[in-house]
Amino acid sequence: MMDKLVTRRGFLKGVLGTAIGGLILHPVRALAQSARERPDHFAILADLTRCIGCRRCEAACNRANGLPPPEVPFDDKSVFEEKRRPDEKAFTVVNRYEDPKTGKPVYVKIQCMHCEEPACASACLVGALKKTPEGPVIYNEDVCIGCRYCMSACPFYIPAFEYFDPVSPRIQKCYMCYHRIRKGEVPACVAECPMGALTFGRRSELIKLARERIMKNPDRYVDHIYGEHEVGGTDWLYISGVPFEELGFPTNLPEKPLPELSKGFLSLVPIVLVSWPALFGGIYLMSRSRDRERTALTRTRTQAADTGTDKEGNDGDDGTTTSQGE
Amino acid sequence: MSLRDWLREKVFLGMTLREYARSLVTPFNLVAGLIIAVGFPFIVLRFVHGLGAVTSGSHVQPWGLFLAWGLFSGVPLSASGFVLGTAVYVFGLRRYHPVVNNAILIGFLGYFFAVVFLLIDLGRPWRIYYPVMISYGPASVLFLVGWHVFLYLSCQFLEFSPTIFGWAGAERLRRGARSLTVGLTIFGIILSTLHQSALGAMFLLMPGKVHPLWWSPYLPIFFLTSAIAAGISMVIVVSALVHRFFPGERNPRWTEQLGELTLGMGKAVALTLFTYFGLKLVGVAHGNHWGLLGTSPWGWWFLTELLGFVLLPCLLLVLALKRGSVSLVRLGALWTILGTIINRFNVSLITFNWNLPHRELFEWKEAMIILTVVVIEILVYRWIILRMPVVPEHPAYREGEGEGEGEAHHD
């Protein structure tokens, strides 16, 4: 019994403590990580000049994540007729574009970019989405309430939602095969790629590798590593022979991590919490003492009226007349 | 008093059950009943087949009408309680005491139904308390909104509770609740300034998605300022509707008093709108977006909102005040409400993903569900004001309650 009481009190304390701490102190701390303190995450470099559009990565992803069988088989090339996007049944898709100079096809694999400072995770009000120290941005469906703010926040339009599940709809996206990475394996899509278009490794190493390839073959590549700086950096990096804006990549993104944009607002929150009670409490006290003076004045006048003339203590201002009865 | 008498007096408006049932058969109620009968099955559909069955929500456009209307528009329109509460209880503008209860009720119901819309829109609504009890994401602006809606809903319920206790005849409880008013009002100011602006801050994360004319680092202050104008406007318009449609509340002195209060509140709305207009200009200047104004449909649409739904109602109100025209102030207030809704729709729905080629904003089934919930909200509001002392029953409604001392009975 005693134990139970203590636990309950402990629980209440915990809730209150977290609430107050969360409301006042936490936001600033949570966003204080700077680029330099970041661990060197795992990352994947995609070399679009090597991709042949075989879609084996899609098939491998499907198997590794136990996703439902696809409507169109993975060796069917007709899917390239239209641009697809990842959804709750396919965490990655390959789209075909055309090189405007040569007319040759260019294939682009898309999936979650695993941002260094993910907007989705900073948007999640229950902490269901998290950036792991290893690099993948993972999702915990046990706490997700289905608000879909992560989807609104993602600059790459990645998180998908199970709109037709009324009971336990989930957010679905690529987890960089977190379960495999923790076992020391590489993500399924990387393992499967027959062309060596995908390379898995430490982010800093991959950036060096990408630079090297661009330097050695300046005619083959455009001089840009997509994901090195976009929205503060992503753990999927791309190099390509065709400018990225031709390949459906968002190119209007800031170099600043998106969560920084709401940092200023969040840091105002504790200021308001602490200073408003004093400010408005003070205003209340001032207006009350003014009222008291008025009431006292009215009373004196009423008394004067009672003893002297028959004039009412009514000064005509509708804001004050009725308080005389107090 | 027997339960039967109590029910008869408090619930059936002094009629017998049969008389009361007969009195419910009115054209308004028939239309309302019809709308609910048509709309309710769609709410059921949403819970049986999922959100996809009634909304056009997609992986790129996850938010639709439920949030644009219920949350992003519903919450600013419900700023009424906090603005009038502050004016009366903190600034001591007792003149507005006759409308403060109504303002708090409008606010409370607005938040309550915002939560109703959230319950319809959330993927797993039964977990709505998770951010408060189970799992925290304190770096999220929505975490702050969630906490605040929860706290403010409780706060407004307590603020309104003296009226409920007064209705139920629990005098001691009423006085007890009444003594909390100032504290609750100040708590309400903290919560309201933060979450009204936080609704705008939610979009700070999406500079590439909201059109640059609407996206601004000043979104939080835009949302807060326009919410103040919208909240006061709601009090003006709803008080006018109550006065028009509930003859029980009408008498010459109250008509005159409400007219004066309306003019006073109109002044506040005009000033707030003017400030808001200035802030919006600062927003355009800050982003240096002048070039976008006349060059695309988006630019024209922005100008329509800014000139037609911010500056115009502001000027209309100034004109109305010059002429001392109460009905013109009411029109200006209605215009302001419309403008606020248009603004919230623009930010959260219409310009959201403006750069994508194909978008579906919403489906008619969503609109049907919205209409249904709004009708229910109106019926709940009417049920309360017909029974509880929300709108003063007679102009001698005492104003001496500000201190919780020298209480005046109004029944």
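The buried residues of H14(B) are covered by elements that include helix H12 (252-287), helix H13 (290-293) and helix H15 (326-350) of chain B. The model is a predicted one.

**Exercise 1.** Name some buried residues of H14(B).

Solution. Among them are Phe302(B), Glu305(B), Leu306(B), Phe309(B), Val310(B) and Pro313(B). On spacing, an α-helix has 3.6 residues a turn, so residues three or four places apart point the same way.

**Exercise 2.** Classify the crossing of helix H6 (residues 97-121) and helix H11 (residues 219-245) of chain B.

Solution. Step 1: their axes come within 10 Å and cross at roughly 105°. Step 2: angles of 65 to 115 degrees count as roughly perpendicular, and H6(B) and H11(B) are therefore roughly perpendicular to each other. Step 3: H6(B) contributes Val99(B), Asn102(B), Ala103(B) and Ile106(B) to the contact, while H11(B) contributes Met234(B), Val235(B), Val238(B) and Ser239(B). Step 4: by class, this contact has 6 nonpolar, 2 polar and no charged residues.

**Exercise 3.** Describe the side of chain A that touches chain B.

Solution. Step 1: the contact takes 66 residues from chain A and 58 from chain B. Step 2: H9(A) gives the most to the chain A side, with 18 residues. Step 3: the chain A side divides into 41 nonpolar, 16 polar and 9 charged residues.

Key:
Residues are numbered from 1 along each chain as its sequence is written. Chains are lettered from A and ligands numbered from 1 in the order in which they are written. This is a predicted model: local features need pLDDT of at least 70, side-chain atom pairs count only at pLDDT 80 or more; totals for chains, interfaces and linings use all residues. A residue is buried if 20 or more other C-beta atoms lie within 10 Å of its own, exposed if 12 or fewer, and partly exposed in between; C-beta atoms are placed from the backbone. Helices (H or I, at least four residues) and strands (E, at least two) are DSSP runs, numbered from the N terminus. Two residues are in contact if their C-beta atoms, placed from the backbone, lie within 7 Å. Axes are lines fitted to C-alpha atoms, for helices over the stretch in contact, and angles run from 0 to 180 degrees between N-to-C directions. Angles under 35 degrees count as roughly parallel, over 145 as roughly antiparallel, 65 to 115 as roughly perpendicular and the rest as oblique. Ala, Val, Leu, Ile, Met, Phe, Trp, Tyr, Cys and Pro count as nonpolar, Asp, Glu, Lys and Arg as charged, and the others, Gly among them, as polar.
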